[in-house]
Amino acid sequence: MSSSIETSSRKHNLSYIIRICCIAALGGILLGYDTAVISGAIGPIREYFNLTAAQTGWAVSSVVLGSIIGAVSAGWCALKYGRRKALFLAALLFIISAIGSALASTFTIYVLFRIVGGIAVGLACVVSPMYMSEVAPKDFRGRAVSMFQQSAVIGQTGVFYVNYLIAKGMSEAWLVDIGWRWMLASEVLPALLFGSLLIIIPESPRWLVLKGHLAQAKETLSRISNPEHADRVILEIQKSLVPANASKNNKVSLRSPLLFSILVIGTFVAAAQQLTGINVIMYYTPEILKPIAGGTENALFQTTFVGVVFIFGNALGMYLIDKVGRLPLMKYGTFGCALGMTIVGYVLYTGTEGYAALFALCLYVVAYATSWGCACWTMISEIFPNSIRSRAMAIAVGAQWFTGFIVTQSFPMLNENAYLKEHFNGAFSFWVFAVLSIICMYVVVKYVPETKGVSLEDMEKVMAEKLGKNKKRQVADASA
């Protein structure tokens, strides 16, 4: 392994690759920041606007609805205008959302600006990993794309601590009147940084080849590796962009049997990420911990521990993903997710006070970070062939956020349902997530191939081989 890494290091300009991937990964920081900022603000917002359980869910899930719009639009935007301009647009929308939601005078205005922020989230979560997968060499693609998830976790942890600092020493009345506005407005600073740094990164070489800008593509690829390697990669990209199933105008149909199967599988992988319950942890952790943590400030402080553990788990996933592969991480990590959710449910069911719930949440986030965090984002950024990547990723991530919307909107309604509260004491949702996690893991392991070390140009063939084996097995089972 070490010798192959040394060879790759000589062939590729790793410092340059890491630099541009780090800048693109700032989109992940803003994704994490924007989605998690509500965790500390939702309690005060609920009191300020006097919200019902359904309206509380809407106050949180409105950003997820915007994310669906942004994700579905991202493929068209990234295809027409390029990956970098799409990220510029996301940075601008993050700034508008932060200012507008912080100054909102009514609940309706607040929701509208949160939807704007969600559109930015949708753009970033499609285009940032897409960009990183297209500039990183195959030997380092897993770790490069995992930087997106790591940056999202850093953004989440950062805003957990920002929320805690804003709330520290302040009265509940101040948090209800003003504090939540400062929490939402704090996003302006990382958004400005992201937009400023995008100026110095190049456009994706694969998009440049797609649009016929071969000289610019060669310039970027030569800087990533060397001119000889750049020429070879450009030829491979050109060949992969016009496969046998393209139409006369070189438009590849998503309805062809193989590509449609790949689209369905990739969309399931993306959507299944939300069925593990991660949005509930990111959005509602302070509210979950508040009854057993002794108040808002303590709950926010404990939430920062969850974020720090998340960073550790994601770093572990980044270290392992190109060593052991994607599927082993998905198998063992998902089992840990199910175990963590089971324990959280048990703690809530029995009303156990202390740090048991915090321990279970930390177990969950470590397991999630190494599996559905690192490995899932890497998979959905690489399993789609070049000819359909922009459109397919937009559909897959759109489905992911739609599933997240359902989970986020329904959680407070289920959690406060009188029957479920009486019989399960808040544990019901967590036990459901534990069961769903195991089901999702089974489907992924059965239908998704190991993609470690596979070039993006060879991905369609690898997916076809995996699906072909499954089809042969189905025929054999039927004849038996």
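In this predicted model, the C-alpha centres of domain 1 and domain 2 are separated by 19 Å. The chain is divided such that domain 1 covers residues 12-201, while domain 2 covers residues 256-472.

How do these two parts meet? On the side of domain 1, 59 residues are in contact with 50 residues of domain 2. The size of an interface is often given as the accessible area lost when the parts come together. Here domain 1 and domain 2 bury about 4500 Å² between them, and 68% of that area lies on carbon and sulfur atoms. Within domain 1, the residues that lose the most area to domain 2 are R141, Q149 and F160, which together account for 13% of what that side buries.

A second point to follow is the packing of two helices. Two packed helices are described by the angle between their axes and the distance between the axes. Helix α12, formed by residues 257-275, and helix α17, formed by residues 389-415, have axes that come within 8 Å and cross at roughly 30 degrees. Because angles under 35 degrees count as roughly parallel, α12 and α17 are therefore roughly parallel to each other, and their crossing is right-handed.

The residues that make this contact can be picked out on both helices: those of α12 include L263, G266, T267, A270 and A271, and they meet a set in α17 that includes A392, I395, A396, A399, T403 and V407. By class, the contact of α12 with α17 comprises ten nonpolar and seven polar residues, with no charged residues.

Conventions. Residues are numbered from 1 along each chain as its sequence is written. This is a predicted model: local features need pLDDT of at least 70, side-chain atom pairs count only at pLDDT 80 or more; totals for chains, interfaces and linings use all residues. Side-chain values use heavy atoms; hydrogens and water are left out. Axes are lines fitted to C-alpha atoms, for helices over the stretch in contact, and angles run from 0 to 180 degrees between N-to-C directions. Helices (H or I, at least four residues) and strands (E, at least two) are DSSP runs, numbered from the N terminus. Angles under 35 degrees count as roughly parallel, over 145 as roughly antiparallel, 65 to 115 as roughly perpendicular and the rest as oblique. A crossing is left-handed if the near helix is turned anticlockwise from the far one by less than a right angle, and right-handed if clockwise. Contact means heavy atoms within 4.5 Å. Ala, Val, Leu, Ile, Met, Phe, Trp, Tyr, Cys and Pro count as nonpolar, Asp, Glu, Lys and Arg as charged, and the others, Gly among them, as polar. Domain bounds come from an automatic or database domain assignment. Buried area is the accessible area (1.4 Å probe) that two parts lose on being put together, summed over both.
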